[in-house]
Amino acid sequence: MSVPQLVVHRDKELMAQAAAARLITKIVDAQASRGSASVVLTGGRNGNGLLAALAAAPARDAIDWGRLDLWWGDERYLPEGDPERNVTQARAALLDAVPLDPERVHAMPASDGPFGADVEAAAEAYAAELAKAAGPENHGSVPTFDVLMLGVGPDTHVASLFPELPAVRETERTVVGVHGAPKPPPTRISLTLPAIRAAREVWLLAAGEDKAEAAAIALSGAGEIQAPAAGAYGRSRTLWLLDSAAASQLPRSLYPPASP
C-alpha cells in the first residue's frame, strides 16, 4: 500500500494539462523500459478533460500509440455507441485522433453485445480478458497497469464502486456487475478494489467544489466501505491530482507545502 501524495493545481484546466503531461511521460518511460505500456482510463468530466488535454498536447506524438494497451475502470452498461458510455466519450476526446492498435483497446462490453442484459456475464468476460493479458510477472489475474486513473465522485465513489454497495466489498473477483447504482444508469460494470490495487500507480482526479468534501473524507482516514476512494491505491504510488476548489476542505496537515 502506497501513501497518498497530493498535487494541487490552480484550476481544473491546469490540472488537466499537467496530468496529461504527466501521463505522456509515464507512457513513454514504460514503453522505453518494457516495450509497451498499459493504462486504465476513467470517464467523467475530469477523465475526459485529461484526454482532451492530451489530444491537444504536441508531446502526444512522443507516445508509440501502437504499443499502448487501454483498459477501463468502469462502464455504463448501455448500447454500443451510446453517448453516455465512457468509451464513446473517450473516442471523441482522444482515441479517434491517434493511431491505436484496435486489438489493444479493451472496451468493456455493451448491453447490445453478446451478453445482452446479463451484466454479470459481461463482467466475467472482461475479467477473463484481463486474466489473459496478465503475464507470469504480474500479480494475480490482472496485468500490472502502469497507470490506473479514477475520478472521485461527490459521494467518494470511484469507478462504479459506490459506498456501502456490494461491489466495494468484493475481495475475490476482479470485475463485477453493478446493480442499483445511485447515479444513473443503475446497471454498470466495474473493476473491484483488488484489481485497482494491481496497478503500479493509481491517480485519483478531483476538481470542483462539489468534490471537496469527498476528497477530505477519503484522505482523512475513512474506511473504504464508506468511502471507496480511500481504498484505491497503487503498488508503488498513489497520486491525488486536485484543483484548489477540490482541495479546499483538506486538513492543513495533508495539504502539500508547494503545488503548481
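Before I show the helices, one convention: a crossing is called left-handed if the near helix is turned anticlockwise from the far one by less than a right angle, and right-handed if clockwise. What we have here is a predicted model, in which local features need pLDDT of at least 70 and side-chain atom pairs count only at pLDDT 80 or more, while totals for chains, interfaces and linings use all residues. Residues are numbered from 1 along each chain as its sequence is written, and side-chain values use heavy atoms, with hydrogens and water left out.

Let me start with the helix pair. Helices here are DSSP runs of H or I with at least four residues, and strands are runs of E with at least two, numbered from the N terminus. Helix 2, residues 44–56, packs against helix 3, residues 86–93, at an angle of about 25°, and their axes lie 8 Å apart; that makes the two helices roughly parallel, a term for angles under 35 degrees. Axes are lines fitted to C-alpha atoms, for helices over the stretch in contact, and angles run from 0 to 180 degrees between N-to-C directions. The crossing of helix 2 past helix 3 is right-handed. Among the residues of helix 2 that meet helix 3 are Leu51 and Ala55, and on the helix 3 side they include Gln89 and Ala93, where contact means heavy atoms within 4.5 Å.

Turning to the sheet, 3 strands form an open, antiparallel arrangement in the order 4-7-6, with pairing requiring at least two DSSP bridges between two strands. Strand 4 (74–76) and strand 6 (175–178) are the edges, each pairing on one side only.

Key:
Parallel < 35°, antiparallel > 145°, perpendicular 65-115°, else oblique.
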